[in-house]
Structures are given as C-alpha cells and as structure tokens.
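Please look through the sequence and the model below. The paragraphs after them go from the overall fold to single residues.

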Amino acid sequence: MGHLAYLFLQVALLLSHCLAGNPSTHAGCFEAMALPDSIVARMQGRSLPQGADVNLDELRYLRLSYIGYDGREHVGEMVCNKRIADDLLYVFRHLYEEAYPIASIRLIDDFDADDERSMRANNTSCFCYRTVAGSAKLSKHSMGLAVDINPLQNPCVRRRRDGTTTVEPATAKPYVRRRPRQKYMIDTSDKAYRLFRERGFIWGGAWRTVKDYQHFEK
C-alpha cells in the first residue's frame, strides 16, 4: 500500500468509527483527540508549513457532525487549539441539534492551505498557520483560536481609504450588503453568533475597520 493510500485509509477508519458509534441514536459525532500521525502528515507543507512555530501538543483534531446545505448529516474534520476544543464541541453539537446548515467542514489542507480556495468552496475551518492578509502579523488561525463559518455568504470585507473594497473570497461580492438578509448570512440574531458569543468568542462582523462576518476568535 502506498503512503498516500495509507493516510486516506487511516482517516477513513477514524471517520467510519465515529459514524458507526451512533448508528441509530442520531446523537451525532463530536470528538476531540490529540493529532493522529495521519493528520499531521496531511498538514505538513500545507496548514503546517516548514519552520512554523507550532507546538503540536497544543492542537486537537475534532470530528464534528453537521447538517449540510443538502439537508443531510455529514461528519467533518477540524484542527483547533486545545483551549477551545470543548467550546467548539459545544457550539457544533448545538448547531447540529438545531439543524443549522453548514456547507462544508474540511481541513484547509484539502485546499493546499489556500484560504481563498477554501472560502470559495464555502468551507468552515479553523487552524492554518498564516499571517493576516496584507500584514506580517500572525492570524489567530495560526494558533487554532479562530473559526470561519460558511465564508461564501459571510465574506471578509475591507474598505480602504482610497474608496476601494476588497472582498474575500472574491466570489462573495453578492453578500457584501447585509440587508436585506439573505439565506445563511450570520448576524446578531443568528444561532452560530449566539452560541459562539455564549462561549466568549469575538465576532469579526462587529469590527470597525474590517468586517469579517465568517470569523469567530478567542
């Protein structure tokens, strides 16, 4: 068996174990664990670039059930800081129980740690060792302390002094205007907003200079 085939087999076994654990209770899958070697291998050179100042013991691998835009149950993957692992299990369990729709929850490594690609795919993610766009400052994502939810309908919007506007992802321009509210938009009445705020997270949609509607950090 080749190396890549082995890694995919390990991930498949992890996911199938979680699904098999709840065949009839519909309780969902909500687990946190130390990073398996197979997950670290997927992250290397992607969300975990060479030379990244990261203590892997501080990170946790999560398996999270969620209801997709297709109305079906899925099990996603997320890497986060152990400081917020319990918070995320709490938030995503409640979102699942309330059938809150999430388009996708995949490791950003599936997109070669390309944030734009991940956002265009409307992917919900957490850990990625990178700087804040347009700066040399490390993002909270680099510490696994920030989560982006349904980023296509909840873009990051930067309005510059020269009057220009940058939208991330670039395909999210139809969602820059937040009124009238469109489907899947996060605002202060949204379930995700209420749950993250209940656990002490800051919402990027409340920032002044940048509006990062997808972003919750701690």
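Among the contacts in the protein between residues at least 6 apart in sequence, 57% join residues at least 24 apart; contact means heavy atoms within 4.5 Å. The model is a predicted one, in which local features need pLDDT of at least 70 and side-chain atom pairs count only at pLDDT 80 or more, while totals for chains, interfaces and linings use all residues. Residues are numbered from 1 along each chain as its sequence is written, and side-chain values use heavy atoms, with hydrogens and water left out.

The protein has five helices and nine strands, taken as DSSP runs numbered from the N terminus (helices: H or I, at least four residues; strands: E, at least two). Along the sequence they follow the pattern α-β-α-β-β-α-α-β-β-β-α-β-β-β. Of the 218 residues, 49% count as buried, where buried means under 20% relative accessible area, exposed over 50% and partly exposed in between (1.4 Å probe, protein chains only).

Empty space inside the protein comes next. Rolling a probe the size of a water molecule over the atoms shows where such space is left. The structure holds two cavities of 30 Å³ or more. A cavity is a set of points, on a 1 Å grid over the protein atoms alone, where a 1.4 Å probe fits but cannot get out, and its lining residues have an atom within 4 Å of a point. Grid points are joined across faces, edges and corners, and a volume is the space filled by probe spheres set on the points.

The largest cavity contains about 60 Å³ of space. Its lining includes Met43, Ser47, Arg106 and Asp109, and strand β3 (residues 73-81) supplies the largest share of that lining, with three residues. By class, the lining of the largest cavity divides into seven nonpolar, two polar and three charged residues. Here Ala, Val, Leu, Ile, Met, Phe, Trp, Tyr, Cys and Pro count as nonpolar, Asp, Glu, Lys and Arg as charged, and the others, Gly among them, as polar. The second largest cavity contains about 30 Å³. Among the residues that line it are Asp115, Cys128, His141 and Asp148, and its lining divides into four nonpolar, two polar and three charged residues.

Some backbone angles deserve a look. Most residues other than glycine have a negative phi, and most peptide bonds are trans. Alanine 113, in the loop between α3 (82-97) and α4 (115-120), has a positive phi near 60 degrees. Alanine 113 is buried, because its relative accessible area is 18%. Asparagine 122 lies in the loop between α4 and β4 (146-148) and has a positive phi of about 60 degrees. With a relative accessible area of 6%, asparagine 122 is buried.

Further along, strand β5 (residues 156-159) and strand β6 (residues 165-168) pair in the antiparallel sense over four bridges; two strands pair if DSSP finds at least two bridges between them. The two strands form a hairpin with five residues between them, and glycine 163 in the turn has a positive phi of about 95 degrees. Threonine 165 is the bridge partner of arginine 159.

The loop between β6 and α5 contains proline 169 and proline 180. A cis peptide bond joins glutamate 168 to proline 169, with omega about 0 degrees. Another cis bond runs from arginine 179 to proline 180, with omega near 0 degrees.

Which side chains does aspartate 187 reach through polar contacts? Aspartate 187 lies in the loop between β6 and α5 (191-198), and its side chain makes polar contacts with the side chains of arginine 181 (3.0 Å) and serine 189 (2.7 Å). A polar contact is a pair of N or O atoms within 3.5 Å; within protein, one must be able to donate a hydrogen and the other to accept it, and residues adjacent in sequence count only if both atoms are side-chain atoms. Leaving aside residues up to four places away in sequence, aspartate 187 touches Arg179, Arg181, Tyr193 and Trp203. At 10% relative accessibility, aspartate 187 counts as buried.

At the start of α5, a side-chain oxygen of aspartate 190 reaches to within 2.9 Å of the backbone nitrogen of alanine 192. Ala192, Tyr193, Leu195 and Phe196 are buried in α5, and their cover includes α3, β4, β7 (202-203) and β9 (215-217). Glycine 200, which follows α5, has a positive phi near 90 degrees.

Note on methods
1 Å grid on protein atoms, 1.4 Å probe; cavity = no way out; pocket = protein on both sides within 12 Å on 5 of 7 lines; lining within 4 Å.
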